[in-house]
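These are my notebook entries on a structure that I consulted. I set down each item in the order in which I looked it up.

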Amino acid sequence: MADDDDRRDSHRGRNHGGGGGGGGRSFHKRKRGRDDDDDGEGARHPRSRQEPPPGSRLKRGLLEIAEDHGRLPHEVAANLAKLAADNYGDEYVKNTFITVILKLVVEQPFKIPFVAAVVLYANVEKLEIAQDIITKAGEQTQAALNAGSWREFKLLLRFLACLTRLYETDGIMPILDELFSRAADLQTASSEDSVGLELVKIILLTIPYLLASAADTTKPLEAQRARTTDLEAKVAELLEKTDIIASTSSTLEALVDPYPVSEGSQESRPMACASVISLLQAQLVGEQASEWKLACIPRVFQLSHKTSGQESGTEANANGDSSANDFAKLQFPAIEVPSEIDAGTKPLLPEIYFSLFADQDIESVPSTSNIAASLLRDAVVDTINILDFNRNIVAKFLNEIDCFWAKDTFVKRSTTFDKLRELQEGRPTWKPEDVIIDAVFSQIFQLPQPEHRLVYYHSLITESCKISPAAIAPSLGRAIRFLFRNIDTMDMELMYRFMDWFAHHLSNFEFRWKWTEWIPELIASDLQPRKAFINGVLDKEIRLSFAKRIRETLPPAYHPLIPASKEKDMPDFKFAADETPYAKEGREVLAMLKKKTPEDEVQKVLDSVHEQATSLGVTDPLVPSTDIYMTAILSIGSKSLSHVLSTIDRCKERLLEIGQKSEPARRQIIASVVDFWSDHPGTAVNIVDKLLNYTIITPMSVIQWALQDNISRGRVLASSQIYEMIAITMFKVTNRVRQVLRERNNTNLSFEQRKQIDEALPRERTGMRDLFATIEDTVASVASGAQDQMIERFDGSESENELIMRWGVHWARVWRRKAAVEEAIVGEQVVGPLEEPPAAADTAMENFDEVL
């Protein structure tokens, strides 16, 4: 082969070498290197690969733990423990190990059993490591408890529970008992208390990990069983006590029920809708009867696995190393449950277990009677809400969920639903894709509101589809069909969330859906919830694209829902038609505004409109002139939202003056916007939102126009545009009240400033309550069929009347809940009186000046 190589190189040199006769040899030498060296010193050697330092390897290994199906978790954990022990004298390695372990605990809940196993192996290698981590974990647990950071407290407590075999005494049990005592006190003081329920939920979620980690394999079998039996007896006693709280329905549960059913109604629920805490209690009692199998929790620590301590036989060194036969015990960190529990910064309400797939003939997710349902859901939801800053990594974790639980918890990824029927009895049937879709939708449909913006949860589903389209798409399709099938009984706010997500999701996948499945719904009245849903989705799709493209994605049966008028880039100017009242004046005002004619000249034309209106018997002549003026503004700005905002800003002073002179004229501004953009309701909502920002219109004027002037015998309640407009308006109002409350409690401000804000708070709160009361009065009258127009001149059938009344019931429930939530945050009973700080006022002002 070497000769062949030489010949090829020689041939290449003759053909491509330069003048002087040395081209071939010169090329050969450049190509082959120093071939003439007899000793081969000039030969090339592979560059030696430099191994990363121990701290970097340890950090990477911990961050990637359990993510590789091809590596045995206990081997990975043992190797990481040995690496940490061998280099623990290095301060960087020590700090990195402790920091990364505790960060993983509070940021990646899936990995808690795995990092706990690393600590247990580290305890075999070097006692000092486990002691340092337990001490630090205890400090962080105490801080989280004191601050009311309930999720962080729960996860740290779970981590300590997973280390239970390390402790000399009862370990975590005294803490759980003390937490229950506080919860009982809080529940006794108020039946509407939510902090006590949160404490009980934390207790119940900690118990499974405690028992799964309790077996001490270093002891003889009889000693193991004695200790486990003793712990199980204490847990059983605790469960008897928690049952008192967990089995009692909270008065607030009805507010957050996703599928509310009226008392005495014959309607069946599409899902159980049990509270999370009552479900946990029942599941643990069932698991107790089966001797605490807890099959889904991974048991990573296996002391039979070879460690450096075992390989050295009976050797134990002075550094605190211990052999496998002498598993060192440590003192549980001191954690004190305060007498006064901090409720934390986030309002707490009872949680309902929402599941699209649970309790069906084929178990594609754990049944609600299985403790795995709560354990999987809790870990998935915590991962989703903690790592909201990186949706890509969350989607990756969700798609790899089967890596983080015990073997055979799930079927193989991408297993089709039909194949689940063919599996042998006793084989797992839980689809990982169904579990994650179920969990993400539980957050989209979280009441009263999810932890993060809804678009974040939308993006998780989109990213998951991109990672595993063939696996996720079928599960998603079944979820969509379940939700659509049960829209009639769904909470109305959740129906609109479903509508928003569905339109947004389709926009990411070329608006593809099997629309033919829903063709039978098209013949129904627009008041039917499913038909109203379809109308709303198509409107939102058009906002995200354009009418012609959306029509092309639909079967012909849907085309009447997207008329040709929706394809116009610019709506028609209604005063261009001579038959329209005040047509001449409307065209004149439009021309003047285009030329930026002085307002005095415009006023002359509007005065002529006032004269005509008065002669025609119009009660408020300012209403028709306002319609002309606002419609002209909208026509000029119809090219884009920025154009209309620029025109509104130029005419703002007159519009503000109109509102101050006449409330009906102010509401006419809204009517003009909605009428002009009737084919594009989303644009109208956006413009109304901007008019609120300019204070040209008021929140009350929006509510009164939508639910009084435009009620249309109650039919308007089926309009997604009206709900969106009122929801945006009320969000602005409630958010302002909350901002005022935050500033009132801002200790960086002087007490005098906070006192002024405190004086403004009741005024803002009263305004908010008036708006809620106005909504309540109107929709309650529709719900009871007592609305004036419904009584006097209802022109529909009896079935249509029932549908309208049902919309009234849905509206009333949503806005009563929203009002109750705001009262729970900014009401007098919650806020309490303003307390003057101990420091003098002058000192406070100096601090404020420094802050500024």
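The entries below cover cavities, a helix contact, aromatic pairs and the backbone.

**Basis.** I worked from a predicted model, in which local features need pLDDT of at least 70 and side-chain atom pairs count only at pLDDT 80 or more, while totals for chains, interfaces and linings use all residues. I number residues from 1 along each chain as its sequence is written, and side-chain values use heavy atoms, with hydrogens and water left out.

**Cavities.** I looked for cavities on a 1 Å grid over the protein atoms alone, a cavity being a set of points where a 1.4 Å probe fits but cannot get out. Grid points are joined across faces, edges and corners, and a volume is the space filled by probe spheres set on the points. I noted five cavities of 30 Å³ or more.

The largest cavity has a volume of about 80 Å³. Its lining residues (an atom within 4 Å of a point) include Val 256, Pro 258, Phe 354, Phe 445 and Leu 447. I recorded seven nonpolar, two polar and one charged residues in this lining. For these classes, Ala, Val, Leu, Ile, Met, Phe, Trp, Tyr, Cys and Pro count as nonpolar, Asp, Glu, Lys and Arg as charged, and the others, Gly among them, as polar.

The second largest cavity has a volume of about 70 Å³. Helices H14 (371-386) and H17 (432-444) each supply at least two residues of its lining; helices are DSSP runs (H or I, at least four residues), numbered from the N terminus. H14 gives the largest share, four residues. I found eight nonpolar, no polar and two charged residues in the lining, with Arg 377 and Asp 438 among the residues listed.

**Helix contact.** I then took H26 (residues 641-650) and H29 (residues 681-693), which pack at an angle of about 35 degrees with axes 11 Å apart. Axes are lines fitted to C-alpha atoms over the stretch in contact, and angles run from 0 to 180 degrees between N-to-C directions. In contact (heavy atoms within 4.5 Å), Leu 641, Val 644, Leu 645 and Ile 648 of H26 meet Ile 687, Lys 690 and Leu 691 of H29. By class, I count six nonpolar, no polar and one charged residues here.

**Aromatic pairs.** Rings of Phe, Tyr and Trp (its six-membered ring) pair if their centres lie within 6.5 Å; planes under 30 degrees apart count as stacked, over 60 as edge-to-face and the rest as tilted. I noted 31 aromatic pairs. Tyr 496 and Tyr 723 are stacked, at 4.4 Å centre to centre and 10 degrees between the planes. This pair links H20 (residues 492-507) to H31 (residues 720-744), 227 residues apart in the chain.

**Backbone.** Most residues other than glycine have a negative phi, and most peptide bonds are trans. The bond from Leu 447 to Pro 448 is cis, with omega near 5 degrees, and Pro 448 sits in the loop between H17 and H18 (454-467). Leu 294 has a positive phi, near 45 degrees, in the loop between H12 (276-289) and H13 (308-311).

Notes: On a 1 Å grid over the protein atoms alone, a cavity is a set of points where a 1.4 Å probe fits but cannot get out, and a pocket is an open set with protein on both sides within 12 Å along at least five of seven lines; lining residues have an atom within 4 Å of a point.
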